[in-house]
Amino acid sequence: MSKEFDILVIGGGPGGYVAAIRAAQLGFKVGCCESNPYADPKGEPRLGGTCLNVGCIPSKALLHTSHLFEEAAHAFAGQGIEIGAPKIDVPKMLARKNGIVDQLTGGIKALFRKNKVAFLPGHGAFIARTASGWSLNVGNEKVEAGQVIVATGSKARHLPNVRIDNKIVCDNVGALDIDTVPKKLAIIGAGVIGLEMGSVWRRLGAEVAILEAAPGFLPTADADIAREAFKIFTKQGLAIHTGVKIGEIKAGKKGAAIAYVDKDGKPAHLDADQLIVSVGRIPNTEGLNAGAVGLKFTERGQIDVDEHCKTNLPGVWAIGDVVRGPMLAHKAMEEAVMVAEIIAGQAGYANLDAIPGVIYTTPEIAWVGKTEQQLKEAGVDYKAGKIPFLANGRALGIGAPEGFVKMLADARSDRILGVHIIGAGASDLIAEAAVALEFAAASEDLARICHAHPTLAEAVHEAALACDKRALHF
Ligand code: FAD
Ligand code: NAI
């Protein structure tokens, strides 16, 4: 006897679990399968996908602990707090992080029970199309589903000939479980993971060197922000080498030796106790049997979908990291809700032009909408308002005067086209900008809205005023 569902969701990450919950709320009989190796105390795969198990949540927990450590080591004395040199207990830091992962992943199972989503531990794979939908395998069980939502996510891209043991040479999984502060840490890839994990271990005392293949730093961020970030991170002690070509990597029990060619074409090398390889992620479609049922892929190996996440197969949808667009948890969740609502006959919507991006370094970096270079390339006539946090009383009060808010608005219509922030609290401040973009607000709209004083959000307000060259405090 096979199990029958209106909708089967394959994958229990932010895309999959949200799709399952929303579809159940809309009255469908929903199953969600998950096959990761991160077992809970019952021996079942944990829900939450990359994000909760080996991504967003554990990395932010480590970033917070290491931030507090750095504040205690370097910022307290300046405010008159004398505590001596702080010590870090790495196993305790990891245990706290693991506790948060336990709590949240277990919480999703509780949400499944509350919403009557059937959790199916096991790997999902297509078998064939049927008269009423699809038949699939989940582990050893047969499942029939009217519709299928594929939310199988992504996995770390590895470099050829570099074996990841997640002890000495780590991808994101091992990087979140390093159990002593390395004396020297090498990172390949100065992207989001490289900067976040590099920050964690630099703050805790490691000497961190990041090797980046691209000639520039953070090339997809607004160029002003990237320049400022490079200056600040370098001053903090991250050694960032751009324009390198990685050569042979030798790893043993005690460390790794990385040969590379530097940006001037000179051979160079780096010895490190540990190496993190963070060179991007690739869509995860292994073992889905998708090719056999005719699911179409893009040239980059993503499942090919339209703007509503519909695939080429009837009743098959795909969302999150496994499809085009930024690989971000909140983007996956937006698509999840959209697909569930479209299946229910509602007008689901996900606007990929208003997905905020955040890098949780100190200072934080956050943006939404177009960069200045994108507007220039598109020939858009724009105006800009830029306000440094140095002119913001709250930023000085909390000892975080670095960075700025930059707002870009259409020169004629005044519609906000992009907001770019580097500074304390950027991850929260960007929410206002995302709302403004979704409501097609003009910079004047934000300029006319009262912002509480003293807050960091006043810098966003001032940037809106600055678009019209009438900033009041700068
Ligand atoms: P995933 O979270 O990858 O989930 C897919 C799930 O499907 C996995 O659990 C997998 O085991 C399962 N699966 C795959 N195939 C099958 C199958 N055939 N059968 C059953 N199950 C299957 N994003 C942010 O927005 N903010 C952050 O701060 C952030 N930090 C990150 C930090 C790190 C270190 C990493 C690696 C990523 C981070 N991300 C962050 C990205 C974020 O984790 C992903 O964008 C998000 O998890 C994508 O969700 P998803 O549901 O599409 O896929
Ligand atoms: P990334 O795409 O952010 O950065 C990868 C970097 O590696 C790029 O700068 C790239 O030029 C470089 N690179 C690629 N090949 C290389 C090579 N051979 N040698 C040297 N450098 C090379 O990818 P990353 O950091 O691995 O993160 C993966 C994804 O996970 C991110 O793109 C993001 O979607 C998500 N993520 C999001 C976070 C957030 O929202 N705060 C945090 C961490 C990850």
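1. A polar side-chain atom of E196 lies 2.9 Å from a nitrogen atom of ligand 2, a polar contact in the sense of a pair of N or O atoms within 3.5 Å. This is a predicted model, in which local features need pLDDT of at least 70, side-chain atom pairs count only at pLDDT 80 or more, and totals for chains, interfaces and linings use all residues. Residues are numbered from 1 along each chain as its sequence is written, chains are lettered from A and ligands numbered from 1 in the order in which they are written, and side-chain values use heavy atoms, without hydrogens and water.

2. The backbone also reaches ligand 2. A backbone N or O atom of G280 is 2.8 Å from an oxygen atom of the ligand, and one of I193 is 2.9 Å from an oxygen atom of ligand 2. Taken alone, ligand 2 exposes 830 Å², of which the protein buries 75% (Shrake-Rupley areas, 1.4 Å probe).

3. Ligand 2 is surrounded by 21 residues, the closest being E196, E212, G280, M327 and V358 (a heavy atom within 4 Å). By class, twelve are nonpolar, four polar and five charged; Gly counts as polar here.

4. Which helix gives the most to the shell around ligand 2? Helix α6, residues 192-203, does, with three residues (helices are DSSP runs of H or I, at least four residues; strands are runs of E, at least two). Domain 1 (3-156 + 282-350) and domain 2 (169-279) each supply at least three residues to this shell; the bounds come from an automatic or database assignment.

5. Overall, the chain has 13 helices and 22 strands. Of its 474 residues, 51% count as buried, meaning under 20% relative accessible area with a 1.4 Å probe, protein chains only.

Key:
A polar contact is a pair of N or O atoms within 3.5 Å; within protein, one must be able to donate a hydrogen and the other to accept it, and residues adjacent in sequence count only if both atoms are side-chain atoms. Buried means under 20% relative accessible area, exposed over 50%, partly exposed in between (1.4 Å probe, protein chains only).
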